[in-house]
Amino acid sequence: MNHECMAEYQEKRERINRFLNENGYDAIIFGTTANFAWATCGGDSHILLDSQGGSCILLFTADKAYCIANKMDAARLKDQEIGGLPIEVISLKWFEESTVAYAMNLVSGKRIISDIPISGAELSFSAFYQLHYPLTLGEVNRYRKIGKDTENAVLAVAGFAEHGMTANDIQTKLLEEFSKRSQQITCMIIGVDDEISKYRHPLPADQKIDRALMLVLSGKRYGLNVPITRMIYFDGDVPEDIEKRYQAACTIEANTILSARPGAKFYDISMMQKKLYEQFGYANEWEEHFAGGLTGYMANDASFCTNKEAVMVNRQSFNWYVTITGVNVEETMLTSEEDGVELVTVQGIWPEKAYQAGGEEIRLPQIMVKD
């Protein structure tokens with residue numbers, strides 16, 4: 001266990017204790033893979049790829065920390081995911097007491113909050129955002145690495161994609177490229193030609209690429225999600241109406257990104273987006289899909305965008321998903337009082353264009369054209 005990770009853990013331990021004290025809880029239970037990753041500075045507790053639940057229960061009180069797991073998982077968690085962190089690993093035989101029951105017995109009669117449904121504990125996932133942000137400097141550095149790897153993976157797939165391939169061919173290549181970079185994929189939407197206009201969430205199938213390909217993805221490593229969207233056109237210029245829509249979407253995205261500052265209200269940004277949609281002649285398009293929101297240890301949570309009181313905080317991560325029928329744009333961004341706006345999914349390897357908003361400039365990816 002290196003010093004940097006231990007320091008991050010100690011910072012998070014202090015946040016947990018402060019959260020318990022300020023909210024009147026005696027204990028907190030982390031049962032999801034997302035919050036396990038947060039608490040262990042990037043550890044992985046998953047077994048089933050399609051489940052948000054992890055293979056153990058993390059239980060924190062003001063002075064104790066436990067990882068409660070079945071014997072089949074405990075040794076690996078201790079050696080590979082928890083390492084030298086001061087968390088006691090408790091190994092249970094699978095046919096005896098459940099991990100949840102054991103955890104609840106440890107804090108019997110106490111007031112408990114949990115991120116998974118447990119009888120006797122209060123349930124809330126969004127409450128845990130108070131712990132997630134601001135991101136630590138270690139998390140910011142991990143985000144930069146994952147963002148770079150994510151855009152490189154998408155670029156590799158774009159180079160591979162050819163006219164006549166199917167969306168399933170693209171899916172296979174995506175899985176390969178993300179796997180090379182030790183990343184899981186938490187979202188994989190692949191649209192081909194008319195599907196892009198017909199569906200907001202087209203899933204990969206056997207339809208062959210004729211003119212257009214859209215990739216809406218989220219890679220994940222160390223528990224951190226990196227949503228990204230890219231569009232590719234084949235065999236000629238982008239149709240005029242699609243280009244017009246794409247430029248409108250990018251302008252809305254630029255205004256959104258440059259308005260996302262600590263202290264800004266999510267709701268105010270949503271209202272600005274709505275006005276811009278109308279200004280560009282797409283007044284009702286904002287109704288067709290939420291325009292992004294919080295990301296990090298969850299792929300996306302747009303619920304804050306309709307909350308009139310929710311305020312952005314320092315070192316928070318967002319993915320703004322701006323969609324107009326036929327086009328989508330999306331990046332993962334970090335913002336901080338120290339460094340301003342940073343797009344971790346934009347590193348100058350994709351065609352870009354500069355946009356002005358609020359007296360500032362930002363460069364955003366464009367539709368890639370392949371002959």
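Serine 124 sits in the loop between strand E6 and helix H5 (129–132). Helices (H or I, at least four residues) and strands (E, at least two) are DSSP runs, numbered from the N terminus. This is a predicted model, in which local features need pLDDT of at least 70 and side-chain atom pairs count only at pLDDT 80 or more, while totals for chains, interfaces and linings use all residues. Residues are numbered from 1 along each chain as its sequence is written, and side-chain values use heavy atoms, with hydrogens and water left out.

Is serine 124 buried or exposed? Serine 124 is buried, at a relative accessible area of 19%. Buried means under 20% relative accessible area, exposed means over 50%, and partly exposed lies in between (1.4 Å probe, protein chains only). A polar atom of the serine 124 side chain lies 3.1 Å from the backbone nitrogen of alanine 127. A polar contact is a pair of N or O atoms within 3.5 Å; within protein, one must be able to donate a hydrogen and the other to accept it, and residues adjacent in sequence count only if both atoms are side-chain atoms. Leaving aside neighbours within four places in sequence, serine 124 is in contact with Ile113, Ser114 and Asp115. Contact means heavy atoms within 4.5 Å.

Serine 114 counts as buried, at 0% relative accessibility. Its side chain reaches the backbone oxygen of isoleucine 116 at 2.8 Å. Not counting residues up to four places away in sequence, serine 114 touches Ile29, Ala121, Glu122, Leu123, Ser124 and Phe128. Methionine 165 is 51 residues away along the chain, and its C-alpha atom is separated from that of serine 114 by 46 Å.

Now the sheet. Its 6 strands form an open sheet in the order E4-E3-E2-E1-E5-E6, with mixed pairing. Two strands pair if DSSP finds at least two bridges between them. Strand E4 (88–92) and strand E6 (122–123) are the edges, each pairing on one side only. Strand E2 (residues 53–61) and strand E3 (residues 65–70) pair in the antiparallel sense over 5 bridges. Within that pair, phenylalanine 60 has alanine 65 in E3 as its bridge partner.

Helix H3 (residues 71–82) packs on the sheet and touches E2, E3 and E4. The direction of H3 makes about 135° with that of E3. Axes are lines fitted to C-alpha atoms, for helices over the stretch in contact, and angles run from 0 to 180 degrees between N-to-C directions. Helix H4 (residues 99–106) lies across strand E1 (27–32), E2, E3, E4 and strand E5 (112–114). H4 runs at about 155° to E3.

Next comes helix H7 (residues 167–180). Its 14 residues should span 20 Å at 1.5 Å a residue, and its end C-alpha atoms are 20 Å apart, which agrees. The expected span is 1.5 Å times one less than the number of residues. Which residues of H7 are buried? They are Ala167, Ile170, Lys173, Leu174, Glu177 and Phe178. These residues cover an arc of only 130° around the axis, so they lie on the same side of H7. The arc is that of the directions from the helix axis to the C-beta atoms. The buried residues pack against helix H6 (137–160), strand E7 (184–192) and strand E8 (212–221). The face turned away from the buried side carries the exposed residues Thr172, Ser179 and Lys180. After H7 comes serine 182, with a positive phi near 55°.

Strand E11 (residues 316–324) is mostly covered, with 9 of its 9 residues buried. Gln316, Phe318, Trp320, Val322 and Ile324 are buried on one side, and Ser317, Asn319, Tyr321 and Thr323 on the other. Strand E10 (residues 293–294) runs antiparallel to E11, joined by 2 bridges. Leucine 294 has phenylalanine 318 as its bridge partner in E11. E11 also pairs with strand E12 (residues 327–336), antiparallel, over 9 bridges. There, phenylalanine 318 stands opposite methionine 333. The hairpin of E11 and E12 has 2 residues between the strands, and glycine 326 takes a positive phi near 100°.

Helix H9 (residues 240–259) is largely enclosed by the rest of the structure, because 14 of its 20 residues are buried. Glutamate 253 lies in H9 and is buried, at a relative accessible area of 1%. Not counting residues up to four places away in sequence, glutamate 253 touches Trp320, Val322, Val329, Glu330, Glu331 and Leu364.
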